Amino acid sequence: VRGLSPSKQILNENGDNTLIFEARFESGNLQKVVKVNEFEYQLTLRTDLYTSKYTQWYYFQVSNTQAGMPYRFTIVNFTKPNSLYKRGMRPLLYSEADAKKHNVGWRRTGNEIKYYRNRAGEGGRQYFSLTWTFQFPHNRDTCYFAHCYPYTYSNLQDYLVSVSKDPVKSKFCKIHILCHSLARNIVYVLTITNPHEGDKDTKRKAVILTARVHPGETNSSWIMKGFLDYILGNSGNAQMLRDNFVFKVIPMLNPDGVIVGNHRCSLAGQDLNRKYRSNLKDFYPSIWYTRNMIKRVMEERDIILYCDFHGHNRKKNVFVYGCERKQQAKAPTLHPRVFPLLLSKICPDKFSFPDCRFRVQKSKEGTGRVVMWKMGISNSYTLEAS
């Protein structure tokens, strides 16, 4: 995918103001566009590859723009009955001209935003539409729209290259290959801890962090980047954490899905966050190798925390899902509500304890959070962010 950019489409007539759409680039998703009238377009998203559903993530390019004109876009094949678009969320716009002239990147855009049930459907599935109006900032600009701030596999690779080339960070952050995905993309695992003397290392407890099992939840990659920026920094707290813990970090569990612009699935057409009990190593390599890596770490040291980063499309705030037995252990450090409660005290403006949930539902028994909890990690969480 690197270095490949879509070929520019040539317009036949002078003065043809039809927009040109393109999504054949890394993480792009758009299947079809119908021009309804001069400034109105109906868009259809591509389902996750090898499935007939999971339309949520969109990311596409638009060129041949006219500034100041009232455009309307309507995406017609969402499958979720509810969405944060009903509660104030707006689509994202990136303008190449604004980026060049004014150093402005992605920004929220759109007025008259509505998310509603439409009259279409397929295979017994009801479809929902998202519609919005907006104006392009410049004539003959190239712009991009996205559901959430894109974070591609190439972005991750560039970040890891910069870490490996840094003379300081590379001393305490070791980057290894966990496995290869179905499409032979590398799934990376990072080991972050300060160099140790003698037997001190075995006393260090481990923290396991993973992200981006669902490709369309790009916010999970930005949270992961924020964590890595912090833990690889030179603050006193980061030093203390690296002195006392061993961090095992898998920043992108589903690179194939990320590259092709899926919302939820891998190239096996499956939701990998329901496959942590599976022994099908060849179908779900990143999940199989993650679970095995965690088993090996548990033989060497205590794992104090496991957390898988996600994005949520229907709930606001940042919160966690944990796992709780009916009869909870008396030791407070083993109580799964303690860690999220501390988070809410430290940053009450960002983390919402009332939104946290600790029930283990039957439908979630194949998730990383529940499987790791059953393997013996008391503090086992899914972190959700709107």
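User: Where is Asp355 found?
Analyst: This is a predicted model, in which local features need pLDDT of at least 70, side-chain atom pairs count only at pLDDT 80 or more, and totals for chains, interfaces and linings use all residues. Residues are numbered from 1 along each chain as its sequence is written, and side-chain values use heavy atoms, with hydrogens and water left out. Helices are DSSP runs of H or I with at least four residues, and strands are runs of E with at least two, numbered from the N terminus. Asp355 is found in the loop between helix H9 (338–346) and helix H10 (368–374).

User: Which side chain of opposite charge is nearest to buried Asp355, and how far away is it?
Analyst: Buried means under 20% relative accessible area, exposed over 50%, and partly exposed in between (1.4 Å probe, protein chains only). A salt bridge requires a side-chain nitrogen of Lys or Arg within 4 Å of a carboxyl oxygen of Asp or Glu. Asp355 has no salt bridge, and the nearest side chain of opposite charge (Lys and Arg count as positive, Asp and Glu as negative; His and the chain ends are not counted) is that of Lys315, at 4.3 Å.

User: With which side chain does that of Asp355 make a polar contact?
Analyst: A polar contact is a pair of N or O atoms within 3.5 Å; within protein, one must be able to donate a hydrogen and the other to accept it, and residues adjacent in sequence count only if both atoms are side-chain atoms. At 2.8 Å, the partner of Asp355 is the side chain of Asn317.

User: Which side chain joins that of Lys248 in a polar contact?
Analyst: Lys248 lies in strand S14 (residues 245–250). Lys248 is buried without a salt bridge, and Glu300, the nearest side chain of opposite charge, is 6.7 Å away. The polar contact, of 2.9 Å, is with Thr191.

User: Why does Asp271 count as buried?
Analyst: Asp271 forms a salt bridge with Arg264, their closest N and O atoms being 2.9 Å apart. Arg264 counts as buried because its relative accessibility is 17%. Asp271 counts as buried because its relative accessibility is 10%.

User: How many residues apart are Arg277 and Glu365?
Analyst: Arg277 forms a salt bridge with Glu365, with the closest N and O atoms 3.7 Å apart. The pair links distant parts of the chain, Arg277 being in the loop between helix H7 (255–260) and helix H8 (285–300) and Glu365 in the loop between H9 and H10; the separation is 88 residues.
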